[in-house]
Each structure stands twice: as structure tokens, then as C-alpha cells.
Amino acid sequence: MARASNASVYSPQLLVGKYGSRPVKVIRRTLKILIALGSFGLKLLVDQRNGVLNQNKRLRAAELRRIFTRLGPTFVKLGQGLSTRPDVCPPEYLEELSELQDALPTFPDTEAFSCIERELELPLDSVFSSISPSPIAAASLGQVYKAQLKYSGQVVAVKVQRPGIEEAIGLDFYLIRGLGIFINKYVDVITTDVVALIDEFARRVYQELNYVQEGRNARRFKKLYADKEEVLVPDIFWDYTSGKVLTMEWVDGVKLNEQDAIERQGLKVLDLVNTGIQCSLRQLLEYGYFHADPHPGNLLATPEGKLAFLDFGMMSETPEEARFAIIGHVVHMVNRDYEAMARDYYALDFLSPDVDVSPIVPALRDFFDDALNSTVSELNFKTLVDGLGAVLYQYPFNVPAYYALILRSLTVLEGLALYADPNFKVLAASYPYFAKRLLTDPNPYLRDALIELLFKDGKFRWNRLENLLVQGKKDRDFSAKDALQPVLKLLLGSDGEELRTLVIKEAVRVTEAFIWGTVIDTYNSMPNFMRALVVNGNATGPLVMSIAEQESMIELRDQVFRIWGLLRSSESFDPALLQPILQVLQQPEARNLGGRVIGGITQRLAARLLQQVLRV
């Protein structure tokens with residue numbers, strides 16, 4: 001920490017003070033950017049008019065990569081994001097821009113080695129027994145050498161910061177922030193606070209310049225998420241780390257977008273992407289601490305089949321209330337409850353409490369009724385983001401900075417998956433995690449969301465519970481025990497009267513389905529001559545109910561059996577888990593609930609028997 005005491009911190013005021021009095025430098029940089037990007041745009045227009053736009057894609061893609069490289073680290077970051085979006089960029093652009101991940105121009109090795117000695121205050125040969133004479137990779141903010149520690153023989157990666165990097169990104173962010181101020185003031189169609197988003201992104205980039213902070217980020221990330229055997233986070237060597245030099249464990253692996261190389265190792269890209277998605281969901285919605293820059297250069301497939309996370313400079317956090325609100329928002333989307341979706345934006349901090357959400361509901365309904373013609377799991381995440389974006393622009397929304405980084409993180413992962421499977425849907429891959437959280441998390445917000453999902457118009461939707469269990473079992477951490485206990489506690493709690501009324505009605509309905517379903521099965525197993533005696537001329541069988549009603553009862557009974565089978569087949573299922581349930585059922589509230597259920601069943605059976613007697 002002492003070595004990092006002089007690390008720069010992002011401050012808009014300092015940038016204004018530094019560059020506000022240097023108009024020549026600012027104008028020169030502005031003209032350089034406008035000329036570079038303007039000339040590229042002009043060439044695209046000419047290609048389109050001449051009918052050679054497709055023919056020149058490769059040429060223009062290479063040209064754009066060179067432009068981003070010349071314009072420096074800020075634009076390299078932009079190119080890195082575009083290189084993971086096959087739904088935005090043509091394949092030729094993806095291939096060229098992907099080279100920005102680790103094929104950037106290097107700076108002189110003598111400068112890098114001098115920086116190491118200056119930062120660590122030690123001669124190079126006293127720290128490393130060997131170090132590569134040239135960089136293994138060059139990133140946007142630094143370059144990496146492969147070395148061997150002298151004291152232990154451990155192979156390490158040594159990242160050294162580019163000289164003059166603070167000056168370069170400082171000027172760019174001064175210009176970009178000026179553009180953001182202009183947009184906030186004069187472009188009414190954009191209601192989001194653009195300056196706040198720019199400040200958040202700039203703050204993250206400046207944090208990347210402090211390698212001690214990056215090391216601390218890696219340590220925290222490893223503690224939270226490396227408990228899963230399929231996730232690898234390298235160790236940091238603190239004695240050889242400073243504000244501008246980072247020494248960490250060397251990881252052998254292949255970038256996640258190199259599909260052929262991964263498959264040659266006997267691995268599947270989609271398995272690794274699914275690991276990334278599950279880990280990202282834990283980051284975003286469980287602990288709230290997430291990797292905000294997961295481009296292909298930062299995600300490696302190891303020969304053992306693990307997914308290695310690298311580069312922890314850009315991290316962010318999801319507020320606790322927002323984590324639960326996001327899961328609830330998915331439930332409301334599944335239920336097409338657009339009023340509840342609109343209210344979620346308060347918890348997500350998109351809207352101030354004094355904003356009326358009623359005008360937003362029709363806009364949500366128009367978009368989602370069209371988008372949800374298929375199931376939610378079949379929705380493309382990019383489609384969802386774009387559609388919501390169209391709604392956000394029409395109303396006084398203020399998208400929080402953390403949310404923009406979440407979108408970036410998930411769209412990058414979906415972009416990586418689309419390399420291997422153009423039909424991949426990130427929401428489908430995410431659904432098991434959402435199902436597990438809804439079934440097992442005791443948080444009151446998620447308990448209410450589960451009730452909303454399972455009950456509609458006073459009736460229990462058994463198909464929803466069955467689907468949640470089917471999906472939840474796909475998550476490795478699903479526990480049948482956890483799925484049962486919180487429900488019982490909520491049911492028997494002091495504020496559970498409304499739920500108890502619904503459960504009593506459903507318990508009566510299920511018990512009736514079991515009894516009469518057994519009667520129907522018994523009748524169907526009888527010989528024909530005995531059936532004739534029992535039926536006594538009734539075309540629908542032994543009971544005074546329609547064929548459709550009989551089929552509905554049998555389907556309900558069979559569905560309950562399937563759900564019990566799903567619980568029993570859980571790896572964590574143990575008959576002993578019923579013991580605490582029996583203990584709970586011995587409480588006075590439970591005995592009262594049982595009495596009400598028995599009373600309801602008795603009334604229904606008496607009514608059915610009376611119908612039978614009157615028919616006879």
C-alpha cells in the first residue's frame with residue numbers, strides 16, 4: 001500500500017484544471033479523433049455508394065483496428081467491447097478487433113525493466129531468475145512478461161504499466177465528459193445522466209492504473225468465487241507488486257473465443273461459457289461484487305477445463321436491494337405483470353419515488369407482449385436490452401452506473417457464447433440459477449416473488465412449481481431441504497394468513513384429486529361386467545363429474561407425484577429432512593392449519609357423496 005500511495009484518482013475537477021488552460025492540446029486531440037473517425041465513416045459511405053461495402057469489409061475492419069490503436073487506450077477499450085459482439089459487428093470486424101485484446105504495440109523493454117526496478121526498489125536480477133526478453137502480451141494499459149521468481153522458482157506473470165498512460169486517458173476523458181455535458185444539456189431524447197455514466201467508467205479505468213488495488217480486487221474475487229472447482233483465480237505475489245507493477249501466478253490457457261484451440265484440448269466452449277454465466281450470476285446477484293471487463297483476453301480455458309479469470313482492474317458492485325429487485329423483475333416479466341415491473345424501477349433506482357409509473361405500463365406491455373410470443377428463456381439478451389432501452393428513452397429514467405456495467409458484462413458473455421452457437425440464449429442458461437434462488441432463498445422479497453409466480457387468481461400453478469424444480473435441479477447448488485424449509489416458515493408466520501388461505505384451498509383440491517383419482521383408477525382396473533354394475537347407466541363413469549373434470553383431477557394428482565419425485569431425486573434429499581418439517585407441523589399454528597384443511601376436505605367429500613346419493 002505504501003508503494004501505491006501516489007496512485008492517481010479520477011477527479012473531473014482536476015481534469016478541468018489541468019486541460020481547461022491548455023486549449024491547443026485539447027483542440028489538437030479533438031481534431032485527431034474527428035479526422036480519424038470521420039475519414040473512416042466517409043470511406044464507408046463511398047463503399048456503400050459504389051456497391052463494394054461487403055467486398056471491402058476486411059480492409060475496413062483492419063483500418064478501424066489501426067485507427068483505434070493509434071487513438072490510444074481509451075479507444076482500445078471501446079474496440080475490445082465491440083470485438084465480443086457478433087450481433088453488432090460482421091465477422092471480419094470481430095476478427096480484426098479481437099487482436100486489440102493482446103496484440104497492441106509494445107513500449108521498449110528497457111523502460112519496462114527500469115519501471116520494475118524503480119517501483120520495487122530492487123535490482124531485476126535479485127527478484128527474478130529469468131524474465132522474457134520481450135512481452136508475452138500487450139494490453140491497453142500495460143504489457144505482460146513471463147518470469148520466474150528467484151526465491152521459489154514459481155512461474156509468474158509480471159504486468160508493467162505503460163509510461164504516460166495517465167496523460168493519455170486523462171485528456172480523452174476530459175473530451176468525452178465535455179461531450180456528455182453537451183448531451184445532458186441539449187439532447188432531450190436521452191434522459192439518462194450521461195455524465196454520471198462517463199464518470200463511473202472513468203473511475204473504473206483510473207482504478208485499473210493502481211495495480212495494488214487490482215491485486216486486492218483479485219484477492220477478494222478469489223475468496224468469493226473460487227470455491228467452485230471449475231473457476232480459477234491466480235494468486236498475487238504482494239512482495240513484488242506496486243502501483244505500476246503487478247506480479248501474479250502464471251496461468252496456461254486459451255482465450256475463450258479461440259474455439260478450435262479449445263476443442264483440440266477436448267473441451268467445449270459452451271461448457272466454459274455456462275461456467276462463466278453461472279459465476280457471473282453469483283457475482284451480480286449473490287455477493288454483488290463483479291468483474292466488469294470480461295473480454296476474451298481476460299477469460300482463459302485451462303487444459304484442465306477450468307475457466308480462469310484475469311485482469312481485475314475494472315470491478316463494480318450491485319447494491320443489495322437491486323440484487324433482489326432484478327430477480328423479482330424477471331419473475332414479473334415471466335408473469336407479464338407490467339404494473340409490478342414498472343414499480344421495480346423504484347427499487348432498481350431507475351426512478352425517483354415521486355415519478356408516476358402508470359404511463360410506463362402500456363409501453364412495457366407493448367414491447368413484452370410482442371417479445372414474449374416465445375418463452376422468456378428463448379429471448380435474446382440483446383433484444384431484451386434494446387427493447388427496454390427504447391422504453392427507457394421515452395420516460396424520465398436515470399440508469400445507474402452499476403446497471404450499465406452489468407449490461408456490459410452480460411452482453412459480453414452472450415457475445416462470447418454466440419461464437420460457438422448462434423442460437424445461444426443467455427436467459428435460458430441463467431434460468432436454473434433464478435429458479436434455485438426463488439425456491440431456496442429466505443429473503444422476504446424473493447419469498448413474495450415466489451408466491452406471485454406460483455399463485456394466480458387464488459389457484460396454485462403446479463406447472464410453475466414443477467418447471468422451477470426441473471430448472472433448479474440443473475443448478476449444482478440446489479438443495480431440496482432449502483427449498484422446503486423457508487416455505488413452511490413463511491406459511492406458519494404471523495403475517496402468512498393470506499397465504500394460509502390459499503394453501504388451505506389448494507390442499508383441499510389436491511386431497512380431493514388423490515381420493516377421487518384413486519377411485520377412478522380402481523374403476524378403470526375393474527373387469528367390464530363389474531364396471532357395468534357400478535356405472536348404472538352413467539356415461540361418465542362412477543362419479544357425478546364430467547370427463548374433463550376427471551382428467552383434470554388425475555393430471556393434478558400425477559403432477560404432485562412428479563414434483564415429489566423431483567424433490568426425492570435431488571442429490572441433497574434425505575428422509576431426515578422431513579423431521580424438522582414434522583417439528584414445525586407440531587406448532588399450534590400448524591395444527592390449526594391442519595384442522596382447517598381437514599374441515600375443508602370433509603365438506604368437499606360430503607358434497608361429492610351427496611351428489612352421488614342424489615344421482616342414485
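Me: Which residues does Gln 265 touch, not counting residues up to four places away in sequence?

Reply: This is a predicted model, its residues are numbered from 1 along each chain as the sequence is written, and side-chain values use heavy atoms, with hydrogens and water left out. Local features need pLDDT of at least 70, side-chain atom pairs count only at pLDDT 80 or more, and totals for chains, interfaces and linings use all residues. A contact means heavy atoms within 4.5 Å. By that rule, with residues up to four places away set aside, Gln 265 touches Val 254, Ala 301, Thr 302 and Pro 303.

Me: How far apart in space are the C-alpha atoms of Gln 265 and Thr 302?

Reply: Gln 265 lies in the loop between helix 11 (259-264) and helix 12 (269-287); helices (H or I, at least four residues) and strands (E, at least two) are DSSP runs, numbered from the N terminus. Thr 302 is 37 residues away from Gln 265 in sequence, but the two are in contact. From C-alpha to C-alpha, the separation in space is 9.1 Å.

Me: Is Gln 265 buried, partly exposed or exposed?

Reply: Buried means under 20% relative accessible area, exposed means over 50%, and partly exposed is in between (1.4 Å probe, protein chains only). Gln 265 has a relative accessibility of 31%, so the class is partly exposed.

Me: How far is Tyr 402 from Pro 319 in space, C-alpha to C-alpha?

Reply: Tyr 402 lies in helix 17 and is buried, with a relative accessible area of 8%. Beyond its neighbours within four places in sequence, its contacts include Phe 290, Ala 322, Leu 348 and Pro 319. Tyr 402 and Pro 319 are 83 residues apart in sequence, and in space their distance is 8.5 Å.

Me: How are helix 13 and helix 14 oriented to each other: parallel or antiparallel?

Reply: Axes are lines fitted to C-alpha atoms, for helices over the stretch in contact, and angles run from 0 to 180 degrees between N-to-C directions. Helix 13 (residues 320-335) and helix 14 (residues 338-347) pack at about 170 degrees, with axes 9 Å apart. Angles under 35 degrees count as roughly parallel, over 145 as roughly antiparallel, 65 to 115 as roughly perpendicular and the rest as oblique. Helix 13 and helix 14 are therefore roughly antiparallel.

Me: How many nonpolar residues are in the contact of helix 18 with helix 19?

Reply: The axes of these helices come within 8 Å and cross at roughly 105 degrees, so helix 18 and helix 19 are roughly perpendicular. Among the residues that meet are Leu 438 and Leu 439 in helix 18 and Leu 446 and Leu 450 in helix 19. Ala, Val, Leu, Ile, Met, Phe, Trp, Tyr, Cys and Pro count as nonpolar, Asp, Glu, Lys and Arg as charged, and the others, Gly among them, as polar. The contact has 1 polar and 2 charged residues, and the nonpolar count is 6.

Me: What arc do the buried residues of helix 19 cover around the axis?

Reply: The buried residues of helix 19 (residues 444-454) are Leu 446, Arg 447, Ala 449, Leu 450, Leu 453 and Leu 454. The arc is taken from the directions from the helix axis to the C-beta atoms. These residues are on the same side of helix 19, because their arc is only 160 degrees.
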